[in-house]
Structure formats: structure tokens, C-alpha cells
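Colleague: I would like to go through this model and ask what stands behind the terms used for it.

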Amino acid sequence: MRVRVATTALGITAALLAVPACSTDTTGSKHQTSSSRTGKPTEAAQEPAILSSASLESRLLDESDLGGGYLSKPEPPAQHDDVTVLGCPALSELGGDAATGGTLAFPHKAKADFTYGYSSSEIAEALYSDSAKKLSDGIARVFDAMTDCSAYQVVAGGTPVDVASQKLPAPHDLGDEQWSQLLTSSASGQSTVVKQTAIRDGNLLVIVSGSPALVDRHLDKALAKATASS
């Protein structure tokens, strides 16, 4: 199946593919593809108020939170190239919603990107706020779509990228719902490995992605800061 979708269609997927977390030469080996979702949306009698983008911005990790060796990375220019998804019907089915900004296009959001040291390692954080159900449904659609694919290809700006994902244990002790996976993208003889973990805590969705070691190191800190004033 070949379906063209806007760059925002893949939302989180496109962002992850742009993070050069752990790049090494590769001979083309593949990971099994799956994803992880645990927990259930909390049915609270009265949900907390949805946070503004400005409020979310103040809850992002900064260089002082991360420690020495981290530098803030400026936001890249907006990309308008279409993305073609090959070999993953479940992801292709997101095309309609994505074309209208429906996938992870929550109105209240903030993000930050950092490089670490002199290596190619990076870490990125994204915060979203909406109702618990909307956050849960939005992020789950992307993860569940990836679960249905053993491997797929993304073509962006004429460059084909082979993608595979591996299910990872989600941190059950954090938040109300958790998702986690390892994405491996391969192009032009280079392999990039990115870990992505998403935690929903009430009306907040925290997504940390990048070098697996850096994600593990800072996930708890990111969630703690994001929810400190909730």
C-alpha cells in the first residue's frame, strides 16, 4: 500500500527519524517491529484544566535540569515535504487524519531538543495537554499502527528510509498510561537507533525520545518537572 500523507501526518514518527541518536554503519540487519501500551485512561469525575502552551513551555527540561554537556538545539525550519509510507497499511490509514492535523496535533504543546557532548547523541522532549481520552487515543493510534508492521519504509523529500521498531517494557510505575519502543532507521549505509517513551499523567502527555541511554537517564526527571505544578 502506498499512501501520501503530510509531514505532520506521522507526527512523532517523523520527529524521531530526524533525531540522530546513535548512528553507526550497518550491514542492513533489522529489528522486529512492535510497540508497547499499558494502563487505561483514568476516568476521573472532574479532570484538571487543560494547560496552555506557555505553561507547558515552562515545564520542559532545560540545560540546567539536564546537567553539564547538554546544549539546546534550535528548532529546525518547518518542513512541508510530503511523506510516503510504504509497507505499513496501519500507518497509511492515519493519512486522512494527519492531513488535517489530527494526529498528535493537539492545540496545547511545547518541545525542546538537546545535543549531548561532542557525540551525535541527542534527546528531545515534547509535552501535550488535552483531555485524558484525547491524549490517550492520539498517541495510541500511532503506537498501535506501528505494532501492526514488522518493517516499513518512509520516503521524505525523495530519500527512502527503512524503519523497524522493537517493543520495549513500559515503565509501569510512571503516570497513568505508558508506551515505549525502539526505532531503528536505516538509509545510505547508516543506522540510527532512537528510543521513544511516552507517559500520560492525567491531562499531560510527556514524550521523551533520542539516544536510549539519555532517555533512560532523564525520563523520570522530565515527568517530575512536567507534573510538579499539576
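Modeller: Start with strand 12: Leu-204, Val-206, Val-208 and Gly-210 point one way from it and Leu-205, Ile-207 and Ser-209 the other way, and all are buried. The model is predicted, so local features need pLDDT of at least 70 and side-chain atom pairs pLDDT 80 or more, while totals for chains, interfaces and linings use all residues. Residues are numbered from 1 along each chain as its sequence is written, and side-chain values use heavy atoms, leaving out hydrogens and water.

Colleague: What makes strand 12 largely enclosed by the rest of the structure?

Modeller: Seven of the seven residues of strand 12 are buried, so the strand is largely enclosed. Buried means under 20% relative accessible area, exposed over 50%, and partly exposed in between, with a 1.4 Å probe and protein chains only. Helices (H or I, at least four residues) and strands (E, at least two) are DSSP runs, numbered from the N terminus. The protein has eight helices and twelve strands, and 47% of its 230 residues count as buried.

Colleague: How do you know that strand 7 and strand 12 pair, and in which sense do they run?

Modeller: Two strands pair if DSSP finds at least two bridges between them. Seven bridges join strand 7 to strand 12, and the two run antiparallel. Ile-123 has Gly-210 of strand 12 as its bridge partner.

Colleague: What pairs with strand 12 over seven bridges in the antiparallel sense?

Modeller: Strand 11, residues 190–201, does. Asp-201 stands opposite Leu-204. The two strands form a hairpin with two residues between them, and Gly-202 in the turn has a positive phi of about 60 degrees.

Colleague: Why does Val-215 count as buried?

Modeller: Val-215 has 1% relative accessibility, so it counts as buried. Val-215 is in helix 8, residues 212–227. Leaving aside neighbours within four places in sequence, Val-215 is in contact (heavy atoms within 4.5 Å) with Ile-123, Lys-195, Thr-197, Val-208, Ser-209 and Gly-210.

Colleague: What makes a set of residues a nonpolar core?

Modeller: The set holds buried Ala, Val, Leu, Ile, Met, Phe, Trp, Tyr and Cys residues joined through side-chain atoms within 4.5 Å. The largest such core has 22 residues, and those with the most contacts inside it include Leu-56, Phe-114, Ile-123, Val-206 and Val-208. Strand 6 (108–116), strand 7 (122–129), strand 12 (204–210) and helix 8 each give two or more residues to this core. Helix 8 gives the most, with six residues. Apart from this core lies another, of 15 residues, among them Val-85, Cys-88, Ala-90 and Val-161.

Colleague: Which residues does Phe-114 contact, neighbours within four places aside?

Modeller: Among them are Leu-61, Leu-66, Tyr-70, Leu-71 and Ile-123.

Colleague: How many of the contacts between residues at least 6 apart in sequence join residues at least 24 apart?

Modeller: The share is 73%.
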